[in-house]
Amino acid sequence: MTDELDVSEHLPTTEDPVLPPPLAALAEAFADATIEDSATGQHVIRVPAAHLVEFAQAARDGGFEMFVDLTAVDYYRQRPGPRFDVVIVLVSLRHNLRLRVLVGVDGDVPAAPSITGVYMGANFYEREVFDLFGIDFTGHPDLTRIMLPDDWEGHPLRKDHPVGSVPIQFRDTHKVQ
Amino acid sequence: MSEDVTIDEGTGVDESVSPPSASERRQLHDMWAAGTEEPAWVVDSTSEGAQLMLPRDQASPGEVAEEGGTLVTDDRLYDDEQYEEETTILNMGPQHPSTHGVLRLQLELEGEIVRRVKPVIGYLHTGMEKTGETLTFLQGPTNVTRMDYLAPFHNELCFSLATEALLGVDLPPRAVAIRVLMTELNRVSSHLMWVATQGMDLGAVSMMIYGIRERELLQAFFEKTTGLRMNHNYIRPGGVAADLPDGWEEDVAGIIEKTPKGLDDYHDLLTHNPIFLGRTQGVGVITPEECFAYGITGPPLRAAGVDWDLRKSQPYSGIEEYDFDVPLGENGDVYDRYLVRMEEMRQSLRIVAQVAESMPAGDYRTEDLKVTPPPRKRIDESMEALIHHFKIFTEGFKVPAGEHYQAIEGPRGELGHYVVSVGEAKPWRLHCRTPSFAAVQALPVLMADQLIADSVAIIASMDPVLGDVDR
Amino acid sequence: MADPPGFLTTTINGIANWARHQSSWGATFGLACCAIEMMQTGAAHNDLARFGMEVFRASPRQADLMIVAGRVSQKMAPVLRQVYDQMPEPKWVISMGACASTGGMFNNYALVQGVDQIVPVDVYVPGCPPGPQSLMHAILTLHEGIKSGEFVRV
């Protein structure tokens with residue numbers, strides 16, 4: 001399919017060596033953080049979970065003042081490697097940059113460190129990810145469900161959880177039995 | 001648990017006390033509720049157990065700090081020891097006339113003053129992100145448009161831009177201009193509904209009628225163009241669903257003429273009204289630092305004095321070609337948010353006038369046949385057109401693998417859609433970063449240490465839409 | 001409930017039904033997008049007050065009509081039932097919109113697929129969202145039903 005839509009001219013490649021300075025500084029300071037390829041030319045960096053809190057603190061000190069988003073993706077059987085990715089979006093107003101941080105989280109005992117100590121706004125977002133994906137955030141002050149009722153069982157946004165649709169009634173009534 | 005803990009200045013929280021787990025919270029809450037006078041069935045059926053506010057002597061210090069709005073700056077005005085005995089936990093919502101939807105707030109009150117706030121949300125959770133994984137990219141806008149139902153074009157635009165970024169299609173200029181026209185008109189209609197509810201919540205009940213009066217003009221235009229008054233599914237990946245109707249220039253000219261007169265009326269009624277000033281100045285102040293920590297964007301951020309509007313700093317969809325100003329406030333209180341939004345409406349009308357004047361001719365959607373359905377007439381004439389139509393509407397067009405986070409400036413702040421595609425016709429993951437979610441999270445910061453009567457003004461000024469919060 | 005037949009009681013019943021249909025006050029139960037259309041129906045352009053629905057009462061104790069406007073999530077369902085139970089008889093329910101009537105386009109884990117699983121519904125209004133004209137038609141249908149005694153409540 002992709003050979004019919006030739007997108008290569010539209011998109012900058014990450015071979016482009018000029019990383020914005022705040023980002024370059026972060027990539028240098030954290031040796032095990034890798035800059036990811038982005039299909040649409042955005043700034044994406046992958047950080048191991050063990051260094052997430054330090055990275056978040058460094059990002060905040062390095063100019064990424066605003067916390068924007070924290071969510072997760074379930075790559076169930078789509079790729080080798082960790083099942084979940086926690087995705088954090090940060091914005092730097094003074095440098096006019098947007099950064100996406102990916103943190104791989106294992107599927108068997110999904111847990112990631114909480115960044116609420118660095119960005120207070122991550123609180124509700126981490127609760128939502130806990131609620132819908134079942135990822136534990138260690139260090140979160142109040143990790144309870146937020147979207148679903150308190151006694152709900154299961155984590156709906158996981159790929160092995162069904163949509164929960166009710167079958168349509170009377171679908172086959174026109175067929176003669 | 002909290003007697004021998006002091007909360008330091010700033011964000012200091014005693015790390016040695018670990019917060020109670022979810023099941024402990026549920027037990028604590030049930031024990032507390034059993035001691036109150038509520039009948040058991042009332043508590044049971046609507047109790048959300050661990051999600052509710054615990055009494056002060058049982059809540060962990062981190063929680064107290066969070067609910068008291070002191071996590072970023074410790075600007076408490078009271079003396080901590082004074083009120084150990086006198087507080088009540090009051091439940092506001094989810095069915096409440098002034099909470100802008102099904103928002104449940106638990107307020108710890110000392111007399112009339114709110115000390116702690118805990119929002120409980122999820123009463124409108126619709127599983128839209130899960131549903132988004134079952135719909136094709138062409139059907140996606142029908143789903144996301146119902147999130148922020150006061151600004152449906154913005155939701156559709158964000159999703160369409162994210163899809164188009166992954167597809168790599170370019171749009172004809174007319175499609176881009178139509179999108180700007182509809183989204184800026186939608187900004188005006190959203191702010192009109194905001195001013196209507198803000199006035200009504202503060203007691204100026206007639207504001208509801210006036211705000212909706214102007215909004216009817218816009219809705220009539222939307223119905224003429226898209227077929228629906230709300231939740232239009234008009235902006236789709238590849239362009240827009242249909243061209244503007246004949247006579248649209250007159251309709252838009254009518255809107256540009258009549259709406260500012262309405263705005264002048266509201267200005268006369270509210271802006272220097274002593275009751276309005278008394279209820280909104282100095283109320284619900286948020287500082288830029290707190291906005292950054294909680295991710296508050298849009299009019300509340302600009303009312304706090306920060307010049308950040310995605311239409312200027314990270315423009316999208318051709319908005320950079322139009323001339324407009326971004327109003328800023330100074331104090332970050334309810335009154336400044338009111339002024340910012342009133343001025344934003346005028347600026348949006350300015351953009352609409354420029355679009356109407358310079359609307360380019362041409363296609364209203366991209367020519368790329370793999371993405372756009374063919375015109376209906378051609379289906380009778382051409383077999384390929386029929387097959388394309390069939391494939392696009394049943395299977396959907398496949399979007400190349402990748403992920404993209406598209407952010408736009410919605411009426412409430414930064415609206416972002418994070419779309420992950422694995423090369424199929426349906427998104428693997430759709431996440432919507434909605435501005436109202438951040439706004440609701442910051443309510444403790446805004447409402448603490450103010451009167452309960454102010455809480456209504458504050459909620460109205462943050463303009464949360466619960467469809468956005470809960471998705 | 002059997003009304004003993006008789007001229008006096010049927011006349012009083014008729015008068016009571018007439019009074020009830022002429023001034024049914026709604027309980028605010030706007031949940032989602034349909035709530036906006038409900039607000040528009042009550043506003044100046046399409047004025048509901050001319051049909052006697054002068055105000056929407058916040059307290060269910062003072063209301064006799066509940067218009068469930070919007071999608072009802074699993075978390076909201078007990079609240080909906082509680083508000084319905086708190087309304088005094090006679091009470092009626094209009095299920096406004098596709099989501100309230102059948103779950104709408106969201107056939108998933110999060111929504112109750114139709115509020116008639118929780119409360120008895122008298123009139124269903126299709127639409128996503130139904131325009132003010134549809135809602136008014138539904139309300140007038142309900143009023144006719146109340147007046148004629150078709151929607152019978154104690």
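**Exercise: chain A**

*Solution.* Walk along the sequence and you get α-β-β-α-β-β-β-β-α-β for chain A. The count for chain A is 3 helices and 7 strands. Here helices (H or I, at least four residues) and strands (E, at least two) are DSSP runs, numbered from the N terminus. Keep in mind that this is a predicted model: local features need pLDDT of at least 70, side-chain atom pairs count only at pLDDT 80 or more, and totals for chains, interfaces and linings use all residues. Residues are numbered from 1 along each chain as its sequence is written, while chains are lettered from A and ligands numbered from 1 in the order in which they are written.

Next, burial. Of the 177 residues in chain A, 43% are buried. A residue is buried if 20 or more other C-beta atoms lie within 10 Å of its own, exposed if 12 or fewer, and partly exposed in between, with C-beta atoms placed from the backbone.

**Exercise: the build of chain C**

Work out how many helices and strands chain C has, and what its radius of gyration says when set beside a compact globule.

*Solution.* Chain C has 5 helices and 5 strands, and they come in the order α-β-α-β-β-α-β-α-β-α from the N terminus. For the radius of gyration, take the C-alpha atoms and apply the globule rule, 2.2 Å times the number of residues to the power 0.38. With 154 residues, the rule gives a value near 15 Å for a compact globule, and the 16 Å of chain C agrees with that. Along the principal axes, the C-alpha atoms fill a box of roughly 50 × 35 × 25 Å. Buried residues come to 49% of chain C.

Now look at contacts, meaning pairs of residues whose C-beta atoms, placed from the backbone, lie within 7 Å. Among contacts in chain C between residues at least 6 apart in sequence, 79% join residues at least 24 apart. For chain A, the corresponding share is 54%.

**Exercise: a strand inside chain C**

Why can strand 3 of chain C be called largely enclosed by the rest of the structure?

*Solution.* Strand 3 spans residues 65-69 of chain C, and 5 of the 5 are buried, so the strand is largely enclosed. Now sort its side chains. In a regular strand, side chains alternate between the two faces of the sheet. In strand 3, L65(C), I67(C) and A69(C) point one way, M66(C) and V68(C) point the other way, and all are buried.

Then find the neighbours, remembering that two strands pair if DSSP finds at least two bridges between them. Strand 1 (residues 26-27) of chain C pairs with strand 3 in the parallel sense over 2 bridges, and G26(C) has L65(C) as its bridge partner. Strand 4 (residues 92-96) of chain C also pairs with strand 3 in the parallel sense, over 5 bridges.

Finish with I94(C). Leaving aside neighbours within four places in sequence, its contacts include L65(C), I67(C), V123(C) and L142(C).

**Exercise: the largest core**

Which residues have the most contacts inside the largest nonpolar core?

*Solution.* A nonpolar core is a set of buried Ala, Val, Leu, Ile, Met, Phe, Trp, Tyr and Cys residues joined through C-beta atoms within 7 Å. The largest one has 222 residues, and those with the most contacts inside it are V86(A), L90(A), I135(A), V68(C), A69(C), I94(C) and M96(C). Helix 7 (residues 173-201) of chain B supplies the largest share, 15 residues. Domain 1 (22-120) and domain 2 (128-470) of chain B both contribute, so the core lies between them. These bounds come from an automatic or database domain assignment.

**Exercise: where the chains meet**

How many residues of chain C are in contact with chain B, and which helix of chain C gives the most?

*Solution.* Count 30 residues of chain C against 27 residues of chain B. Helix 2 (33-42) and helix 3 (77-86) of chain C each supply at least two residues to this side, and helix 2 gives the most, with 5 residues. By class, this side of chain C has 20 nonpolar, 7 polar and 3 charged residues. Ala, Val, Leu, Ile, Met, Phe, Trp, Tyr, Cys and Pro count as nonpolar, Asp, Glu, Lys and Arg as charged, and the others, Gly among them, as polar.

Turn to chain B and chain A: 49 residues of chain B are in contact with 42 residues of chain A. Strand 7 (residues 413-421) of chain B gives the largest share of the chain B side, 4 residues.

How values were computed: Two residues are in contact if their C-beta atoms, placed from the backbone, lie within 7 Å.
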